[in-house]
Every structure is written in structure tokens, then in C-alpha cells.
Amino acid sequence: MPERIYNFSPGPATLPYEVLEQAAKDVVNFQDTGIGLIETSHRSKEFMAVIDEAEALLRELMEIPDNYKVLFLQGGASSQFYMIPMNLLSKDQKATYLNTGTWSKKSIKEAQLFGKVDVAYSSEEQSFNRVPEDSEYTVADDSEYLYFVSNNTIYGTQFQQMPKSEKMLISDMSSDILSRKIDVSKFGLIFAGAQKNLGPAGVTLVIIREDLLDRAPAAIPTMLKYKTHADKGSMFNTPPTFPIYIVAHVLRWLKDKGGVVAMEEANREKAALLYQAIDATDYYRGHAEVASRSNMNISFNLPTAELEQKFIAEAAAVGLSGLKGHRSIGGCRASIYNAFPREGVVKLVEFMQQFQANNPA
Ligand SMILES: *Cc1c(COP(=O)(O)O)cnc(C)c1O
């Protein structure tokens with residue numbers, strides 16, 4: 001392996017090195033066909049095998065029931081903010097949203113274009129440092145679905161338990177899909193932009209319960225109907241072949257490493273190392289309330305903004321890259337998705353201790 005530094009970027013983010021290496025070969029000459037991967041027809045038997053494998057692995061790893069479709073779409077996770085209400089909500093219908101950060105706020109805004117939106121909970125006034133318990137909000141009887149972001153990438157909060165509700169759940173799992181075991185059957189729809197935990201930017205995974213496909217009003221564009229893509233196996237138009245190829249290989253890697261259960265254990269352990277370092281001193285302060293802490297994104301502050309800047313610069317100089325917090329909250333953030341190695345977390349913890357000793361508050 002050539003010299004790799006530790007990349008704490010929130011997304012696009014660290015991918016397994018062996019996947020990158022294989023992809024580098026296949027881009028030039030895909031499976032010895034004499035044609036590069038990104039030159040290969042999406043209708044070729046070689047690519048069809050790739051997309052079929054991606055779907056099959058996903059079904060296996062997430063234990064997706066047969067009455068769900070798996071779609072590979074474009075437009076980023078952000079396009080799901082409007083596609084969901086466009087397909088599943090009408091003007092006189094209501095949906096319930098939990099406002100736990102930037103990404104839920106953006107989806108609330110889009111949903112309001114299509115139907116009535118009940119924001120049943122918001123942690124905005126506490127700068128989104130927590131997610132709610134079930135007892136902290138109510139879902140109206142006439143609500144079509146309960147929408148939430150399972151992991152808030154920017155604020156570093158995560159639902160430890162999925163909300164329990166009579167209503168079908170819809171979740172943006174962009175930054176924690178496949179990081180832990182979930183029960184897909186509780187959901188009407190799950191989506192995730194690939195660039196955090198699945199692959200490169202350019203493909204968005206949608207898992208949708210079949211009976212929802214016929215809900216869409218007739219007067220919406222063909223490309224924006226889930227049914228269009230479900231009926232054609234994500235081949236209604238040219239799918240993003242390269243990102244799908246990477247997703248297939250990341251899923252192979254994940255299965256090889258022991259699947260979702262092994263990931264969950266490793267993720268919990270990696271995050272615990274960092275939270276222990278934060279809790280060991282008043283110098284570092286975690287942004288999230290303890291009960292809402294994310295195992296994927298750890299957002300924290302130092303005593304001053306100047307020290308934070310110095311911390312980020314000095315960390316980068318020793319090969320710990322991408323620790324700058326999101327512009328909306330500042331501070332620092334370590335994103336440690338499935339493919340982020342434990343050694344990098346250990347190195348960051350050592351760096352944190354050293355930095356504090358060298359730079360007293
Ligand atoms: C990054 C992110 C998004 C936005 O993804 P795009 O693909 O850039 O649209 C949405 N939701 C969550 C939870 C994210 O982390």
C-alpha cells in the first residue's frame with residue numbers, strides 16, 4: 001500500500017483500500033474485456049452482473065424483505081427530499097417530520113411544497129445537539145408517515161433506537177446505512193446517498209415497499225416516479241455505472257468483514273475510543289448530548305476557535321485530514337464510517353492528548 005493518510009472527511013469519505021485498487025484496474029480494463037469499466041455499456045452482461053450483485057448483496061446484508069424494491073438513483077440524497085413527498089403525499093394529506101438538523105430541515109421545506117407537514121419535534125433551539133425519545137413527540141392519527149434522519153452527519157447525533165410508531169417510517173440513512181442492524185420491515189422507504197458509507201458520490205440508494213409504488217399522482221414527471229425505476233430495475237435510463245460498481249465492491253468487502261453485525265461492533269468500539277478521550281477532560285467538549293451520540297460523526301469543540309484552527313492544521317500536518325467541523329456549527333468533527341480504520345482513531349486520540357499538553361487552555 002502506498003502512503004495513505006487518515007481521512008476523517010464526512011463525505012465523500014474513506015473507502016476500503018482494496019476496493020480502490022481493484023477499481024483502478026477495472027477502470028482501465030474491465031474484467032479483461034479490453035474495455036474500461038466506465039466505457040462499458042450499462043446493458044452489457046458484465047455490467048448487468050455488477051448491478052445484480054449490488055442488489056443481491058444489499059438484500060442479504062440488510063435482510064431486505066421480498067416486498068421491497070432496491071433502486072439505484074441519481075440526484076443525490078437531496079433529490080429524495082422532494083421525491084418522497086411528490087410520490088407519497090398530496091395537498092390534503094399530512095406527514096410527520098422530526099427536525100434534528102440541517103438535512104431534516106431541508107426535507108421539511110421540500111415536503112411543504114406537496115402536503116401538510118407536522119413538525120412534531122425540533123432540537124433546533126439546542127443547536128441540534130440531541131434527537132428525541134419516542135415520548136417527546138406525537139404522530140397524528142391522520143399522518144401518512146413519520147420521517148426522520150437516523151444519523152445527523154453535521155451535529156453528530158444518532159437515533160440509538162429507531163422511533164416506534166404505528167405509522168410507516170421513512171428515513172434518511174445517508175450517513176449510517178449498513179453501520180448497524182435495522183429492521184427494514186418497519187420502514188416504507190429508506191434512502192442513502194452513497195458517498196458516506198457506501199461508495200462514491202453519484203448514486204443514491206432507495207429501498208421502497210412495493211405497495212407504495214402505485215401511490216404517486218399521474219401528473220409527475222416520469223423520471224421522478226419511483227415506479228418508473230422499480231419497473232425497469234434502475235435501468236429506465238443510463239444508471240451511474242461507476243458508483244454502482246464501487247457500491248457492489250464495498251458490499252463485498254463488508255460481507256467479507258463479517259457483515260453488518262461486525263460493522264456495528266467495530267463502529268461502537270471506534271466511537272467509544274474517541275468519546276472516552278473527549279470525556280476524559282474539559283478541554284474537549286462533545287457537541288451531542290451523551291444519549292444522542294453518533295457512532296459515525298463525532299463533533300467536538302476546543303476551548304477557543306483559535307485553538308480549533310490550530311488543532312485542525314496541526315492534525316493535517318501529521319496525516320489526520322478532514323477534521324474541520326461543518327460551517328454551520330464550526331469546531332471539529334471526526335467522521336469514522338465503516339471503512340475508516342481503527343488505527344486512525346487511535347492516532348487521533350494520541351494526537352488529542354499531545355495537543356492538549358502542548359496548548360493549555
Ligand atoms: C450528506 C447528506 C445528505 C445530502 O446528500 P447529497 O447526496 O449531497 O444530496 C443528506 N442527508 C444526510 C443525512 C447526509 O449526511
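1. L205 is a residue of strand β10; strands (E, at least two residues) and helices (H or I, at least four) are DSSP runs numbered from the N terminus. The model is a predicted one, in which local features need pLDDT of at least 70 and side-chain atom pairs count only at pLDDT 80 or more, whereas totals for chains, interfaces and linings use all residues. Residues are numbered from 1 along each chain as its sequence is written, and side-chain values use heavy atoms, with hydrogens and water left out.

2. L205 counts as buried because its relative accessibility is 4%; buried means under 20% relative accessible area, exposed over 50% and partly exposed in between (1.4 Å probe, protein chains only). Not counting residues up to four places away in sequence, L205 touches L58, V70, L71, F72, I177, I190, F191, A192 and L198, where contact means heavy atoms within 4.5 Å. Between the C-alpha atoms of L205 and A194, eleven residues apart along the chain, the separation is 6.9 Å.

3. The largest nonpolar core comprises 52 residues, and M62, I177 and L178 have the most contacts inside it. Such a core is a set of buried Ala, Val, Leu, Ile, Met, Phe, Trp, Tyr and Cys residues joined through side-chain atoms within 4.5 Å. At least two residues of this core come from each of several elements, including α1 (17-28), α2 (45-62), β10 (204-209) and α7 (259-279). Helix α6 gives the most, nine residues. Domain 1 (18-256) and domain 2 (258-358) each contribute at least three residues to this core; the domain bounds come from an automatic or database domain assignment.

4. With neighbours within four places in sequence left aside, L178 is in contact with L58, L61, M62, L198, L251, L254, V260, M263 and N338. Another core, of 30 residues, lies apart from the largest one and has I84, M168, V206 and I208 among its members.

5. The ligand is surrounded by 13 residues, the closest being S78, T153, D172, Q195 and K196; a residue is near a molecule if one of its heavy atoms lies within 4 Å of it. Helix α3 (residues 76-88) supplies the largest share of this shell, four residues.

6. Oxygen atoms of the ligand lie 2.6 Å from a side-chain N or O atom of S78, 2.5 Å from one of T153 and 2.7 Å from one of K196. Taken alone, the ligand exposes 390 Å², of which the protein buries 86%; accessible areas come from the Shrake-Rupley method with a 1.4 Å probe.

Methods
Polar contact = N/O pair within 3.5 Å; in protein donor to acceptor, adjacent residues only side chain to side chain.
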